Amino acid sequence: MGARVARVELTGAAEELVRRLTARHGPVMFHQSGGCCDGSAPVCYPRGEFRIGAADVLLGHVAGNTPFWTSADQYASWRHTHLTVDVVPGRGSGFSLEAPEGVRFLLRSRLFTDEERERGEAEAPLVTGAEVTG
């Protein structure tokens, strides 16, 4: 079987920002909760400083080996959606590493094509926090 359906990717500008943040802070991770504050903006944390919940879902890795997690509720709503992380001017969540840079991460989305949806439905379930936190 080939590679999994890509569920999340970065624009070139977002990838460059992740490289700079990683150089400054070490390995990072993303989490998309869909909760309060900046619900449409993924939050970038130093890896290991945000506790993944048992029900969180790993959508994939971006910028090489940067994990992108989402809450179970958010995944249930967006399971047929491809997400693109972009970076725009402005101030986002004070918890996210890019906040001091004067920019913020922002999600852009599109529905999967019929082919992507069919492939995704045939794949094994995505990894959850329960499998990695143990």
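Strand β2 (residues 28-32) pairs with strand β5 in the parallel sense over 3 bridges; two strands are said to pair if DSSP finds at least two bridges between them. Helices (H or I, at least four residues) and strands (E, at least two) are DSSP runs, numbered from the N terminus. Within this pairing, Q32 has T70 of β5 as its bridge partner.

Before I continue, please note that this is a predicted model, in which local features need pLDDT of at least 70 and side-chain atom pairs count only at pLDDT 80 or more, while totals for chains, interfaces and linings use all residues. Residues are numbered from 1 along each chain as its sequence is written, and side-chain values use heavy atoms, with hydrogens and water left out.

Let us stay with β5. Which strand pairs with β5 in the antiparallel sense? That is strand β4 (residues 57-62), over 5 bridges. Here V62 stands opposite T66 of β5. The two strands form a hairpin with 3 residues between them, and A63 in the turn has a positive phi of about 45°.

Is β5 mostly covered or uncovered? Strand β5, residues 66-70, is mostly covered, with 5 of its 5 residues buried. Buried means under 20% relative accessible area, exposed means over 50%, and partly exposed lies in between, with a 1.4 Å probe and protein chains only. Cover is present on both faces of β5: T66, F68 and T70 are buried on one side, and P67 and W69 on the other.

I turn now to P27, in the loop between α1 (12-25) and β2. P27 counts as exposed because its relative accessibility is 51%. Leaving aside residues up to four places away in sequence, P27 touches T22, P46 and R47, where contact means heavy atoms within 4.5 Å. P27 and R47 are 20 residues apart in sequence, yet their C-alpha atoms are 5.5 Å apart in space.

Finally, the chain as a whole. The protein chain has 4 helices and 7 strands, in the order β-α-β-β-β-β-α-β-β-α-α along the sequence. Its radius of gyration is 14 Å, close to the 14 Å that the globule rule gives for 134 residues, so the chain is as compact as a globular protein of that length. That radius is taken over C-alpha atoms, and the rule is 2.2 Å times the number of residues to the power 0.38. Of the 134 residues, 43% count as buried. Among contacts with a separation of 6 or more, 64% are between residues 24 or more positions apart.
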